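Trainee: I've got this one open on my screen and I'd like to talk it through. Can we start with the ligand and work outwards?

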Amino acid sequence: MGEGAKVDNLSMSAILEIHDKVLSLRQAKISDLPTICAIERLAHKHPWTLKALEPEFSHPWSRFRLAILRDPLGGDEEAVGYCLSWLLPGELHILNVAVLPDYRRLGIARKMMEDALRLARQADAAQIFLEVRISNEAAIALYRSFGFEQVGLRKKYYEKPVEDALVFVLSLDGESA
Ligand SMILES: CC(C)(COP(=O)(O)OP(=O)(O)OC[C@H]1O[C@@H](n2cnc3c(N)ncnc32)[C@H](O)[C@@H]1OP(=O)(O)O)[C@@H](O)C(=O)NCCC(=O)NCCS
């Protein structure tokens, strides 16, 4: 978990300032789990539980990224979103992207998606996959803005409420890392 404690500040050109704070992304640690669960509860009607999220910290293929805001002059960090993905042979699968409701439409999910794309490119992944509820207009708009295209439909994939999932793919073939 030593690597997890490392904060990857975004490059100067990519810095996002929100309410006079600076956004950065870092690898989540197991001690961040309660914070991630709190974000989940506020972000989703049917959030992932602690029990469901905990094993993700021991899977070698899981990538848990936390978006944090910090006063540039110092002070505590505030976690405002997270992204969970699986780095599999040849592909990155994004399982969840969530931002606290009070911090939406500020570009935080966009930064997490850019981070995921960077991860996929560094790993020479050819594609990024994800599923999204057919009614989730915000997430669909986010993914489309990155060039994701719908390649499938999983009928009744979600529960509570039962709903279809759109399968989206972004092809990275032909790009250099
Ligand atoms: C989807 C979600 C992650 C977006 O987070 P966000 O930080 O508000 O998104 P950003 O501010 O980075 O928006 C980036 C782009 O996504 C699109 N977008 C985001 N929210 C949108 C909305 N409510 N309506 C339409 N487009 C939206 C826009 O294209 C936006 O760019 P713009 O603001 O320049 O128009 C957030 O709404 C959320 O946490 N939802 C609940 C959890 C969820 O459904 N996650 C997806 C699971 S598959």
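This is a predicted model: local features need pLDDT of at least 70, side-chain atom pairs count only at pLDDT 80 or more; totals for chains, interfaces and linings use all residues.

Trainee: Which residues around the ligand are the closest?

Mentor: The shell holds 21 residues. By class, 12 are nonpolar, five polar and four charged; here Ala, Val, Leu, Ile, Met, Phe, Trp, Tyr, Cys and Pro count as nonpolar, Asp, Glu, Lys and Arg as charged, and the others, Gly among them, as polar. The closest are Arg104, Ala109, Ala138, Ala141 and Leu142.

Trainee: Which element gives the largest share of that shell?

Mentor: Elements here are DSSP runs numbered from the N terminus, with helices (H or I) of at least four residues and strands (E) of at least two. β6, α3 and α4 each supply at least two shell residues. The largest share, six residues, comes from α4.

Trainee: Which residues of α3 are buried?

Mentor: Buried means 20 or more other C-beta atoms within 10 Å of a residue's own, exposed means 12 or fewer, and partly exposed is in between, with C-beta atoms placed from the backbone. The buried residues of α3 pack against β3, β4, β5, β6, β7 and α4, where contact means C-beta atoms, placed from the backbone, within 7 Å. They are Ile108, Ala109, Lys111, Met112, Met113, Ala116 and Ala120.

Trainee: Is Ser135 buried or exposed?

Mentor: Ser135 is found in the loop between β7 and α4. Its C-alpha atom is separated by 8.6 Å from that of Asp164, 29 residues apart along the chain. Because Ser135 has 12 other C-beta atoms within 10 Å, it counts as exposed.

Trainee: How many bridges join β8 to β9?

Mentor: Two strands pair if DSSP finds at least two bridges between them. β8 and β9 form a hairpin with four residues between them, and Lys160 in the turn has a positive phi of about 50°. Tyr158 has Glu163 in β9 as its bridge partner. The strands run antiparallel, and the number of bridges joining them is six.

Trainee: What is the bridge partner of Gln127 in β9?

Mentor: β7 and β9 pair in the antiparallel sense over seven bridges. In β9, the partner of Gln127 is Ser171.

Definitions and conventions. Residues are numbered from 1 along each chain as its sequence is written. Two residues are in contact if their C-beta atoms, placed from the backbone, lie within 7 Å. A residue is near a molecule or strand if its C-beta atom, placed from the backbone, lies within 6 Å of it.
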